[in-house]
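Have a go at each task before you read its solution.

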Amino acid sequence: MSSPSRRTRPQPAPAARQTDSPSPARRGASAVLLALLRERLPEVLQSIAPLVGVVCVLQFTIVQAPAALFIQFLGGALLVVLGLLLLFAGVEIGVLPMGRYIGADLPTKGSAWLIAIVGFAMGFATTAAEPDVLILADQVDRVTQGAISGQQLVYVIAAGVGLLAVVALLRIVYGFSFRALLAGCWLLMIALSLLAPASFVPLAYDAGSVTTGVVAAPALLALALGVSSVLAGRSTSADGFGLLGLASAGPILAILLVGVFAR
């Protein structure tokens, strides 16, 4: 008589081996970032090459600075290239899409006050973080030995950009004439330039030139293009641009007004 077969206990399935390979989404994001960096590299090199070339010519013909200082300059130029690459990637991947989304979403709320508040906040925040503005404020603080506070100057410049950014956004919403606004700003600047102390006038116009830099310009431009893209009867090319031009007049007017009232 044959013995009954022994029932075998089912064995658990082997656990799947965990691998450290990145997910498809992560690989796709990395590929996009690398492609963007490769695309921007020639532009960055073309932008920095003239400066490096001029300094090299001066170094070997006229100036002949110490070798350590020249090597330090070359290292700094390399850091500038890397920094610009990362900056352009960050602006294109994050700042521009988010700015356009915010600009396109604001008109759907049906509140001009909301557009004005967001426009001022964006203009103030981006300008207060603008490297060119911080450099100017630091130099003014050092040259005047604290008579003009650098931090207060940053706030005045940022407030001027924020206020004129509000005017520019409301122009898009209500269809005001850009020529009339621009002419009014310039007439007011000329009048204030004649009334303000002489020491404030050059500072005011320098402040207007440093506001549209690598931080403020992309964010504000994307915001304006987003607002103009969703409003009926508005042209993105005709109405979406012009914000930076008006916003750069804000610091000039703000500093000249401070000078007039400080006399």
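Read along the sequence, the protein chain runs α-α-α-α-α-α-α-α-α-α. This is a predicted model, where local features need pLDDT of at least 70, side-chain atom pairs count only at pLDDT 80 or more, and totals for chains, interfaces and linings use all residues. Residues are numbered from 1 along each chain as its sequence is written, and side-chain values use heavy atoms, leaving out hydrogens and water.

**Exercise 1.** Work out how many helices and strands the protein chain has.

*Solution.* Start with the rule: helices (H or I, at least four residues) and strands (E, at least two) are DSSP runs, numbered from the N terminus. By that rule, the protein chain has 10 helices and zero strands.

**Exercise 2.** Compare the reach of helix H5 with its expected span.

*Solution.* First, note that H5 covers residues 150-174, which makes 25 residues. Next, the expected span is 1.5 Å times one less than the number of residues, giving 36 Å for H5. Last, look at the model: from first C-alpha to last, H5 reaches 36 Å, close to what's expected. Just after H5 comes glycine 175, with a positive phi of about 75 degrees.

**Exercise 3.** Describe how the rings of phenylalanine 124 and tyrosine 155 are arranged.

*Solution.* Searching the whole structure turns up five aromatic pairs. Rings of Phe, Tyr and Trp (its six-membered ring) pair if their centres lie within 6.5 Å; planes under 30 degrees apart are stacked, over 60 edge-to-face, and the rest tilted. Phenylalanine 124 and tyrosine 155 sit 6.3 Å centre to centre with 15 degrees between the planes, so this pair is stacked. The pair links distant parts of the chain, 31 residues apart: phenylalanine 124 is in helix H3 (residues 112-128) and tyrosine 155 is in H5. Elsewhere, ring pairs join Phe60, Phe70 and Phe73 into a cluster.

**Exercise 4.** Find out how helices H6 and H10 are oriented to each other.

*Solution.* Begin with the axes, which are lines fitted to C-alpha atoms over the stretch in contact, with angles from 0 to 180 degrees between N-to-C directions. The axes of H6 and H10 (residues 243-262) come within 9 Å and cross at roughly 25 degrees. Angles under 35 degrees count as roughly parallel, over 145 as roughly antiparallel, 65 to 115 as roughly perpendicular and the rest as oblique. H6 and H10 are therefore roughly parallel.
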